[in-house]
Amino acid sequence: MEHIVIIGNGIAGVTAARHIRKNSDKRITIVSAETDYFFSRTALMYVYMGHMKFEHTQPYENWFWKKNRIELVKGYVNTVDHKHKKLVLADGNTIGYDKLIIATGSKPNKFGWPGQDLPGVQGLYSKQDLDQLEANAPDNKTCKRAVIVGGGLIGIEMAEMLRSRKIPVTFLVRETSFWNGVLPAGESAMINEHILEHHIDLKLATNLVEILADENGRAKAVTTDKGETIECSVVGLTAGVSPNIDFLKDSGIELGRGIKVNRYLETNIKDIYAIGDCAEQHEGIGQRRPIEAVWYTGRMMGETVAQTICGNKIEYKPGHWFNSAKFLDLEYQTYGWVFSERGMKENEQHFHWRDDKEKICVTVAFDKETKQFLGINTFGIRMRHEIFDRWLTEKRDVNHVMEYLKDANFDPEFYAQYEHKIVSKFNSEFGTSISPKKKSWKRIFSNA
Amino acid sequence: MKAIQNIGIAIFLIGLGIFAALPFMGSFQLDQSTFDEIVAEKRIKSELFIEDMQQNVVGKEFTGMIDLSSKISKALDDANTTHVKNKEYKKKIYTKSSEMASIIGKRSGTGYIANNKGMMWFLTFGLGILGALMFIVPQVVTLGKKGIKNDGIYHQSSTGQGWIAWLVFFFLISFYMVLYFGSEYAVNWTYLVDPISESLSGNLAGHWFVYGFMYCVIMVVMAVRMYIKYRHNMYQLVRTTSVLFFQIVFAFLIPEIMVRLQMPYYDFKNAFPLDYDFFFQWNLKSLLDSGGIGLFILVWGVVLTVVIVPVMVYFFGKRWYCSWVCGCGGLAETLGDPYRQHSSKSLFSWKVERWLIHGVLVFAVVMTGMTLYSFFAETSTVLGIKTSSIQNTYSVYIGSIFAGVIGTGFYPIFGNRMWCRFGCPLAAYLGFVQRFKSRFRITTNGGQCISCGNCSTYCEQGIDVRAYAQKGENIVRSSCVGCGVCSAVCPRGVLKLENGPEEGRINPTEVLLGNDVDLMELVNKK
């Protein structure tokens, strides 16, 4: 029986294992050094905040693995020996494989800041990071202030976590406005306001210079390039993540920033595949980046590689870009591409609407010439994935999107509707006279 | 703000403390004329009991119900034992000693509690309401900006199955034990609400009136909490208003007013088989004896169960009943909201659930079949089994212990929908309709799910919502009561409760939306 070994029990590796099991009878082993069982990394913040217990982050009950004949090995892989098709673990044990899937995910970036390895300095990625934060910042007496370095998704999550225990937080963001490398200015500005509303001390355009240690060698303060020294008990480093592939340096597997793979998720070495955060496409697919550290792409790569391994060789073809996030109380969804002013394409034009009372806004990107709809960002309004996916495939123009916007609304029942406000602003800006059509189940469920 | 809240807790605890102490307090003195009245009303023919009571109870003053009730139950038991021994069955008293004590206690209360009803109401209900609101209302500020605020739920003793939760657990269970099995200890409570009862039905309050009134008060206070906690979520606000309205108007006010108008006591929204004794002989008789209104209720009760309930479930899902109208649901969604996360999500629990709830439904239907057969065939047994013993078994074990003691008592530890999920026969019936013939579903938004598990954690019905959401599959489970909290707590906008065409409602998918069109075609071909 062919033995499939998967390194990493995150969403990519576990999805691959599940789908290989669905489609075959192969022997499957998952190796992980992090936890005994698969858990959802995305939910770690909720454990610290007391919304959940750790066990709630585990999507499958513990009997699931045995029942589905997925063997779990807890161990750290030191080396991959592809000549003999085996893995050597840190405890000296070896595991032979016929096919190997590497799904080791990411690790937090550190950019060589002085003091970055002091006790009290940490990232937020793994279960171990969560345990460490619980130890470093159990309450606001132990942790008088925390400084978070890096204004991305993990940074704002960490700020929210610490605020949930009333710990004062200073948030150092390199950019002049939060996440404005990704979000258009209006949206980024709205999040800035929201961060301040949550009593987070947001310092824009500010960089970390050094982390200072106290007499016990623990972090006690940071200095910034604005000449400030900020006293703190905990420093959160959340300046992005990069592939967790150090153990592969001398393995002969081709590496870039991540593990280089082709569209079949194959590495340069036969029978070794890489999926999830640690995989790097030779060239980005469409406008996607070569490395995508996103939950759902991990899933998709897992689904795809499972097909290939089960004899149905399939290219990895992620469809239209989409994503979502939550910034404190603000829900964000995006479908298609809406670039920030910094990354904007030449032909891209934006329409931006923001409600005058609520923290709700929408940005629609479309082609200046052809009016083709390119993408949408929404804050505080949920949208229907299927509808936007369809409109993108059908290359609808922006007028169509405005006219049928109500079909795409995914907010809970009885919520206030904003389509009329949105469309009327669009009309006045672009001289159109679109009136939004009533929501139609028929259109929503018609598979064009 | 914190200070106001702390004072609120203190005031609340004082009110609760006095309320909890009442069953052991008060003085009772039964005078001769009252006793004669009771003997006449209850048609007591046992001279042994009457003598015993004359000697040991009448004219004497008792402090606390324990003192009085032990005397009454001894007199009653002794008398019955002797009558049975002498085969004097005509003289045997069939009123239970607990009920006898509660009847006598109600009419013999003297002293401060019985004579200062208004003041005592204020010291119990009044302080409880005031204190609770002082704790709850400042949350407008302390919770911060509107949005999902579940911070610390698992860190707090009260909501995280800690010692406070266990105290509440024991308190609630004791309360329900008194209500169902020791109503004589509720006598002092009935004094508190006598004025309210008299203004509604014209009668003095019994312990069920205490319960009904308290139910409404608790729901109102905890609904204020819901309005604050979910102030960003219009679905929750509308739904909370709806359950509140149906509890106060339909379950509480209308039946009381109907009594005042010499009509039968009836809750128009309480559908069979949740209303399990609707077809019991005594109820049918009382309805048939009540003229036009009785007949109307009879027809309404049947139409409600056979037509209205399933048709509404077809259009809106069982939520229209379970989380918009039902009293049990109403309490679960208000008082029970802080505990919703404790429902077990394991596959094992789901198996238990299916056996239990459908078992209760079968029990209720069989019992009702026997009841109706007995009624029309004018016999007390079916196939040699006494109908009344089946009815009593159901009333005690399902109607009282399961629905009441477990149903609400278990809130703080096992979650707020134990009864609705594992026991309610009406929910089982609605569940069939919802699963197989309904427009309702919880739509999963394509590939947006990140498997965080908030939805599953906060599902009061123990549905592993995430298991469906992460596959991009809609949720059409029979047990879903449509409370809408999974959708509310989702950080990525993945879930939406909606009523739509039946086609496409159930959508098993192997591959996430967005992943490779060819692959999807391939999977769909299989």
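Trainee: In which loop of chain B is Leu383(B) found?

Mentor: This is a predicted model. Leu383(B) sits in the loop between β4 (381-382) and β5 (385-386) of chain B.

Trainee: What value does phi of Leu383(B) take?

Mentor: The general idea comes before the case. Most residues other than glycine have a negative phi. Leu383(B), a residue other than glycine, has a positive phi, near 50°.

Trainee: Where does Arg43(B) lie, and what is its phi?

Mentor: Arg43(B) is in the loop between α2 (32-41) and α3 (47-56) of chain B. Its phi is near 50°, a positive value, and Arg43(B) is not a glycine. Arg43(B) counts as exposed because it has 8 C-beta neighbours inside 10 Å.

Trainee: Which residues does a cis peptide bond join?

Mentor: Again, the general idea first: most peptide bonds are trans. Here a cis bond links Phe272(B) to Pro273(B), with omega about 5°. Pro273(B) belongs to the loop between α12 (234-260) and α13 (281-288) of chain B.

Trainee: How is the packing of two helices read? What is the angle between α7(B) and α10(B)?

Mentor: Take the distance of the axes, the angle and the hand in turn. The axes of α7 (residues 117-136) and α10 (residues 187-200) of chain B come within 8 Å and cross at roughly 115°. Angles of 65 to 115 degrees count as roughly perpendicular, so α7(B) is roughly perpendicular to α10(B). The crossing of α7(B) and α10(B) is left-handed.

Trainee: Which residues make the contact of α7(B) and α10(B)?

Mentor: From α7(B) come Lys117(B), Gly118(B), Met120(B), Trp121(B), Thr124(B) and Phe125(B); from α10(B) come Tyr191(B), Leu192(B), Val193(B), Asp194(B) and Pro195(B). By class there are 7 nonpolar, 2 polar and 2 charged residues in this contact.

Trainee: How do α4(B) and α5(B) pack?

Mentor: Helix α4 (residues 65-85) and helix α5 (residues 97-108) of chain B have their axes 9 Å apart and an angle of about 125°. The pair α4(B) and α5(B) is therefore oblique, and α4(B) passes α5(B) in a right-handed crossing. On the α4(B) side the residues include Met65(B), Leu68(B) and Ile72(B), and they meet residues of α5(B) including Met100(B), Ala101(B) and Ile104(B). The contact of α4(B) with α5(B) divides into 7 nonpolar, 4 polar and 1 charged.

Trainee: How many residues of helix α16 of chain B are buried?

Mentor: In α16 (residues 327-334) of chain B, 8 of 8 residues are buried. Among them are Gly327(B), Cys328(B), Leu331(B) and Glu333(B). What covers the buried residues of α16(B) includes α11 (207-229), α12, α15 (319-322), α18 (387-409) and α20 (418-422) of chain B.

Trainee: What is the separation of Pro138(B) and Lys2(B) in sequence and in space?

Mentor: Compare the two distances. Pro138(B) and Lys2(B) are 136 residues apart in sequence and 8.2 Å apart in space, C-alpha to C-alpha. Leaving aside neighbours within four places in sequence, Pro138(B) is in contact with Met1(B), Ile4(B) and Gln5(B). Pro138(B) lies in the loop between α7 and α8 (139-142) of chain B. Because 17 other C-beta atoms are within 10 Å, Pro138(B) is partly exposed.

Trainee: How many residues does the largest nonpolar core have?

Mentor: The largest nonpolar core has 214 residues; those with the most contacts inside it include Ile102(A), Val235(A) and Cys486(B). α7(A) gives the most to this core, with 7 residues. Apart from it lies another core, of 37 residues, with Tyr176(B) and Trp189(B) among them.

Trainee: What does Ile102(A) touch?

Mentor: Residues up to four places away in sequence are not counted. Ile102(A) touches Ile7(A), Ile259(A), Ile272(A), Tyr273(A), Ala274(A) and Cys278(A).

Trainee: How many residues does each chain bring to the contact of chain A and chain B?

Mentor: Chain A brings 47 residues and chain B 49 residues. On the side of chain A that touches chain B, the largest share, 7 residues, comes from α7(A). This side of chain A has 18 nonpolar, 15 polar and 14 charged residues.

Note on methods:
Residues are numbered from 1 along each chain as its sequence is written. Chains are lettered from A and ligands numbered from 1 in the order in which they are written. This is a predicted model: local features need pLDDT of at least 70, side-chain atom pairs count only at pLDDT 80 or more; totals for chains, interfaces and linings use all residues. Two residues are in contact if their C-beta atoms, placed from the backbone, lie within 7 Å. Helices (H or I, at least four residues) and strands (E, at least two) are DSSP runs, numbered from the N terminus. Ala, Val, Leu, Ile, Met, Phe, Trp, Tyr, Cys and Pro count as nonpolar, Asp, Glu, Lys and Arg as charged, and the others, Gly among them, as polar. A nonpolar core is a set of buried Ala, Val, Leu, Ile, Met, Phe, Trp, Tyr and Cys residues joined through C-beta atoms within 7 Å. A residue is buried if 20 or more other C-beta atoms lie within 10 Å of its own, exposed if 12 or fewer, and partly exposed in between; C-beta atoms are placed from the backbone. Axes are lines fitted to C-alpha atoms, for helices over the stretch in contact, and angles run from 0 to 180 degrees between N-to-C directions. Angles under 35 degrees count as roughly parallel, over 145 as roughly antiparallel, 65 to 115 as roughly perpendicular and the rest as oblique. A crossing is left-handed if the near helix is turned anticlockwise from the far one by less than a right angle, and right-handed if clockwise.
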